[in-house]
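This report describes the packing of a protein chain and the surroundings of its ligand. The sequence and structure are shown first.

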Amino acid sequence: MQDWMVIYMLKAIILDLDGVVTDTAKFHYIAWKQLAQELGIEFDEVFNERLKGVSRMDSLDLILEHGDKKHAYTLEEKMILAETKNREYRKLLNSMTSMDILPGIPGFLMELRTASIKIALASISKNADYIVKHLNLEDYFDYIANANEIKRTKPFPDIFIKCAEKLVVRPEECIGIEDAKAGVQAIKAANMKAIGIGTVDQMKNADLILDSTVLLSLDLIKDTFNM
Ligand code: B16
Ligand code: MG
């Protein structure tokens with residue numbers, strides 16, 4: 001039988017964290033801005049947008065390049081700079097509570113639980129566990145990917161494939177939800193259906209585009225993907 005004739009059952013939903021479950025961009029912004037100021041680099045909210053879904057070290061490289069300081073630091077120095085930013089960032093994360101969960105997400109997670117659909121978290125943030133704990137959401141996730149164990153970051157599919165393996169489901173039985181272009185690419189490369197949270201322009205490769213997490217529902221997913 002041809003693959004396109006197969007109707008897969010929906011067995012798992014794999015969510016990105018930042019921009020899907022919560023919004024840490026404002027905290028990243030404050031912490032990166034502080035570091036950029038110390039380094040004499042201009043940093044604003046427009047530039048901060050470019051760092052969404054980008055790993056910590058890659059974000060630092062982009063900031064240094066933006067400030068014409070691409071080759072000004074050794075790898076060791078860059079690691080210290082990234083660690084300095086992370087310390088500030090974690091201080092800011094301490095203020096997070098379940099009030100910081102994005103609209104619609106608690107109800108959606110509960111709906112998935114009730115329907116026995118597995119849930120995983122595919123975030124490249126090395127602070128993912130810490131954030132999930134602050135949001136009081138630990139009990140919802142069957143698996144939280146450990147970014148330290150993922151060699152190739154998004155747009156490579158590795159983190160989504162790892163989640164499917166850990167949940168013991170086929171990629172075709174999963175739906176991934178992302179807010180970053182590289183994240184949507186990673187989901188598609190993993191052979192999963194992708195829901196993009198954002199504008200049509202940013203999310204054009206997603207199979208379903210929603211402008212807010214508040215619109216997420218199991219019925220909509222089942223109708224859209226015929227699963
Ligand atoms: P950390 P996601 C990403 O999370 C953020 O969008 C991005 O801005 C951040 O630089 C990256 O995590 C790394 O975060 O410094 O905590 O390891 O969207 O993949 O959930
Ligand atoms: Mg994200």
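## Nonpolar cores

Val-21 touches Leu-15, Asp-16, Asp-100, Ile-101, Leu-102, Ile-105, Leu-121, Leu-135 and Leu-137, leaving out residues up to four places away in sequence; contact means heavy atoms within 4.5 Å. The model is predicted, so that local features need pLDDT of at least 70 and side-chain atom pairs count only at pLDDT 80 or more, whereas totals for chains, interfaces and linings use all residues. Residues are numbered from 1 along each chain as its sequence is written, chains are lettered from A and ligands numbered from 1 in the order in which they are written, and side-chain values use heavy atoms, with hydrogens and water left out.

The largest nonpolar core comprises 36 residues, and Val-21 is among those with the most contacts inside it, together with Ile-13, Leu-15, Leu-137, Ile-177 and Ile-195. Such a core is a set of buried Ala, Val, Leu, Ile, Met, Phe, Trp, Tyr and Cys residues joined through side-chain atoms within 4.5 Å. Helix α5 (residues 105-114) supplies the largest share of this core, 4 residues; helices (H or I, at least four residues) and strands (E, at least two) are DSSP runs numbered from the N terminus. Apart from this core lies another, of 23 residues, including Ala-120, Tyr-143, Phe-160 and Ile-187.

## Ile-195 in strand β5

Strand β5 (residues 193-197) contains Ile-195. Ile-195 counts as buried because its relative accessibility is 0%; buried means under 20% relative accessible area, exposed over 50%, and partly exposed in between (1.4 Å probe, protein chains only). Beyond four places in sequence, the residues that Ile-195 touches include Ile-175, Ile-177, Leu-208, Leu-216 and Phe-225. Leu-210 is another residue touched by Ile-195; the two are 15 residues apart in sequence and 7.4 Å apart in space, C-alpha to C-alpha.

## Surroundings of ligand 1

Ligand 1 has 17 residues around it (a heavy atom within 4 Å), of which Val-54, Ser-123, Ser-125, Lys-126 and Asn-127 come nearest. A backbone N or O atom of Val-54 lies 2.6 Å from an oxygen atom of the ligand, and for Ile-124 the corresponding distance is 3.1 Å. The protein covers 97% of the 470 Å² of accessible area (Shrake-Rupley method, 1.4 Å probe) that ligand 1 has on its own.

## Lys-52

Lys-52 is located in the loop between α2 (45-49) and α3 (56-66). At 34% relative accessibility, Lys-52 counts as partly exposed. Leaving aside neighbours within four places in sequence, Lys-52 is in contact with Ala-25, Asp-179 and Ala-180.

Terms used: Polar contact = N/O pair within 3.5 Å; in protein donor to acceptor, adjacent residues only side chain to side chain.
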